[in-house]
Amino acid sequence: MTETTQRILPSDLKIRKGQTPIVCLTAYDTPMARRTDAHCDLLLVGDSLAMVVYGLETTRGVTLDTMIAHGQAVMRGAERSCVVVDLPHGSYENSPEQAVESARRVYDETGCQAVKLEGGEEMAAAVAAIVKAGIPVFGHIGLMPQKAEGRDGFKIQGKDDGSAQQVMRDAKAIEEAGAFAIVIEGTVEAVARDITETIAIPTIGIGASPACDGQILVTQDMTGLFSDFTPKFVKQYADAGTVIDEAIAAYATDVRERRFPELIHCFGVPTSIKAASD
Ligand code: KIV
């Protein structure tokens, strides 16, 4: 990090509740971390990389080692954003001790600013234990992709009274456990709004509500790099996938038709020959 760059910390974001919206995106590698860092307050090394990078059906199936490798890559590219790394499925649910052990590895081996885990009331003890160990935690409630059995398992939460009350209880439990902020994913708008107005820590929405204290999207979704399916809550700001497709098609044609490489792309070619080939 350059001397003048001030890293945004979880404690800085916590006091942004109700102030200017907190801008968050996912990043999984160094080049994307460099691109997103200048514009965002928080970069999430999300386990969504299981789907958008590794081609898996759900976010399950990525290991702690994989998340750590991607966390290290993002930390190499992000100088100012608060970098948060997801604890993957299977790395924290067994006990608070397991959660602390996994969080400690991620935090120490990547140098990130916080970890994120999915879960409400049932994960409050794990969140409290990680926070007590000195590691900031970003909560994640509402639709929890790690619990989905397949793509059809991604269900919007808060549609009936029972579900709405559960999401509210989850938010309160994770706040009380000491999280500095909470992602609310795939939840009925009025419920996400109500939670945002009720709890004292920032809510970060994805398929939630404009009233949330910040927003997050998967960068591959909003840039059009991942187009296997596009959830309703995504606003696509670019069609980078098409740009890349066209570039690759043009390259393939050039190679087949011997238009690439040209002598200007080669080494040891006398300038006079290069000029003659122009
Ligand atoms: O893994 C992820 O990218 C996430 C965001 C969608 C919040 O959890």
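Predicted model: local features only at pLDDT ≥ 70, side-chain atom pairs only at ≥ 80, totals over all residues.
Let's start with the overall picture. The protein chain has 278 residues, and 49% of them count as buried. Its C-alpha trace spans about 75 × 40 × 35 Å along the principal axes. In secondary structure, you will find 11 helices and 8 strands. If you take the contacts between residues at least 6 apart in sequence, 60% join residues at least 24 apart.

Now turn to helix 7, residues 161-176, and helix 8, residues 189-198. Their axes lie 10 Å apart and the two pack at an angle of about 30°. Angles under 35 degrees count as roughly parallel, and helix 7 and helix 8 are therefore roughly parallel to each other. The crossing of helix 7 past helix 8 is right-handed. On the helix 7 side, Ala164, Val167, Met168, Ala171 and Lys172 meet Val191, Asp194, Ile195 and Thr198 of helix 8. Sorted by class, this contact has 6 nonpolar, 1 polar and 2 charged residues.

In soluble globular proteins, nonpolar side chains tend to be buried together. In this model, the largest nonpolar core holds 73 residues, of which Leu87, Ile130 and Ile195 touch the most other members. Helix 7 supplies the largest share of this core, with 6 residues. Ile195 also belongs to the helix 8 side of the contact with helix 7.

Finally, have a look around Leu87. Beyond its neighbours within four places in sequence, Leu87 is in contact with residues including Leu64, Tyr92, Ala99, Val106, Leu117 and Ile130. Ser102, Lys116 and Gln146 are also among the contacts of Leu87.

Definitions and conventions
Residues numbered from 1 in each chain as written. Heavy atoms only, no water. Axes fitted to C-alpha atoms, helices over the stretch in contact; angles between N-to-C directions. Helix = DSSP H or I, 4+ residues; strand = E, 2+ residues; numbered from the N terminus. Parallel < 35°, antiparallel > 145°, perpendicular 65-115°, else oblique. Left-handed = near helix turned anticlockwise from the far one by under 90°. Contact = heavy atoms within 4.5 Å. Nonpolar A, V, L, I, M, F, W, Y, C, P; charged D, E, K, R; others polar. Core = buried A, V, L, I, M, F, W, Y, C linked by side-chain atoms within 4.5 Å. Buried < 20%, exposed > 50% of the residue type's maximum accessible area, 1.4 Å probe, protein only.
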